[in-house]
Amino acid sequence: TGAFTYDPGFTSTASCESEITYIDGDEGVLLHRGYPIEQLAEQGDFLEVCYLLLYGELPTRTQKEDFDLRVTRHTMVHEQLGWFFRGFRRDAHPMAVMCGVVGALSAFYHDSTDISDPQQRMIASIRLIAKMPTIAAMAYKYHVGQPFVYPKNELNFAANFLHMCFAVPCEDYKVNPILARAMERIFILHADHEQNASTSTVRLAGSSGANPFACIAAGIACLWGPAHGGANEAALNMLGEIGSVDRIPEFIARAKDKNDPFRLMGFGHRVYKNYDPRAKIMQKTTHEVLGELGIKDDPLLDVAMELEKIALTDPYFIEKKLYPNIDFYSGITLKALGFPTTMFTVLFAVARTVGWIAQWKEMIEDPSQKIGRPRQLYTGHTQRDYTPIAKR
Ligand code: CMC
């Protein structure tokens, strides 16, 4: 019928009203609750940004101390969850493990099924923000075969995460503050990005009144794809596949070839048709981390820097407005921090959890909220009669 607007990929459909995040893709602007991402990433800390996304305002000092305390009180996971991890194969992709374990939280927190209670909604939000780094670090430790490390609550969010990932019981581990700050920046830059695919998934799942932990698991599943959060992993794998600077022209030619499905991972964005403001900050952070770790002659990095140069000057990329995106730089930084590529999207999920839950909360609290139920343009058969199998 002609009753519905056909909009594949929802490129021109607003699915909701939201006060959380503003993007101007043509100008390369990203604001959270009105604050530019550059200022938040340079001057704020991750939990401050979480507070801002959830409550709409930056916290006062007392509010911030109270919020930090509320989050750190929930960083531990139920001891039984460790056994849940052990049900997975060690070589399982950590994103598969995340989908399962975060979904399983819905079985641990039955109180969260009462989403009509604002207090329960806030407790679920805080539990998710607090437990995601612990679960992500456990996924990493399980993957590499090391014992789980409990949270260290005197450290800040990012430093605690690095501690849970890289501390081992038999050795002293001290978090490098420059690397912790880089981790914090990665978390801030990925915290929210309005109605992207995974956030829309969380909203759609939540619109039926489902348990919030299960909704976040749905968001994790969506984020996993290489066109979305999986792009940081895919970008680094691609750099490895290219291998050396002299092979770049071959891959650039493939990216331009209409008959070749190959795309340069880490380039292009649905909304940004200008330099992604997050990519600019990430680029600076990448160089800070490489400088701190003294990484100079990394062939992957040489390929990355050369690709960046080409993409910013080649007419194909200029005409199609394909700039390096945040995943291009975050992949390189995370590799330098010591994470295996399979963990990259997991770290994105840790950061995006606050965006997901803030958007979920906003939706539940919106009086005009309805179950999400898109329509379709039916292109199948018109009505026809059943033929018994003997006659087919
Ligand atoms: N390499 C080569 N050509 C590309 C690329 C690329 N990375 N991205 C888009 N194009 C071309 C595409 O072939 C198309 O050409 P034509 O107009 O001749 O058919 C044109 O640019 C427009 O592409 P599109 O697929 O219509 O654009 P989209 O808005 O649907 O896709 C995208 C956006 C991010 C999925 C896409 O640019 C892409 O696949 N990039 C690589 C994956 C990636 O880095 N994703 C991370 C996105 S940022 C983080 C996040 O949101 O999670």
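## Domain arrangement

In this predicted model, the C-alpha centres of domain 1 and domain 2 are 27 Å apart. The domain assignment of the protein chain places residues 34–223 together with 343–364 in domain 1, and residues 231–337 in domain 2.

## Contact between the domains

Domain 1 contributes 14 residues to the contact, and domain 2 contributes 16 residues. On the side of domain 1 that touches domain 2, at least two residues each come from α1 (37–43), α8 (177–189) and α17 (344–364). Of the elements on this side, α8 gives the most, with seven residues.

By class, the side of domain 1 that touches domain 2 holds eleven nonpolar residues, one polar residue and two charged residues.

## Packing of α2 against α17

Helix α17, which supplies residues to the side of domain 1 that touches domain 2, also packs with helix α2 (residues 46–55): their axes come within 8 Å and cross at roughly 15°. Angles under 35 degrees count as roughly parallel, and α2 and α17 are therefore roughly parallel to each other. The crossing in which α2 passes α17 is right-handed.

From α2, the contact is made by Cys 50, Leu 53 and Leu 54, and these meet Val 354, Gly 355, Ala 358 and Lys 361 of α17. The residues of this contact comprise five nonpolar, one polar and one charged.

Terms used: Residues are numbered from 1 along each chain as its sequence is written. This is a predicted model: local features need pLDDT of at least 70, side-chain atom pairs count only at pLDDT 80 or more; totals for chains, interfaces and linings use all residues. Domain bounds come from an automatic or database domain assignment. Two residues are in contact if their C-beta atoms, placed from the backbone, lie within 7 Å. Helices (H or I, at least four residues) and strands (E, at least two) are DSSP runs, numbered from the N terminus. Ala, Val, Leu, Ile, Met, Phe, Trp, Tyr, Cys and Pro count as nonpolar, Asp, Glu, Lys and Arg as charged, and the others, Gly among them, as polar. Axes are lines fitted to C-alpha atoms, for helices over the stretch in contact, and angles run from 0 to 180 degrees between N-to-C directions. Angles under 35 degrees count as roughly parallel, over 145 as roughly antiparallel, 65 to 115 as roughly perpendicular and the rest as oblique. A crossing is left-handed if the near helix is turned anticlockwise from the far one by less than a right angle, and right-handed if clockwise.
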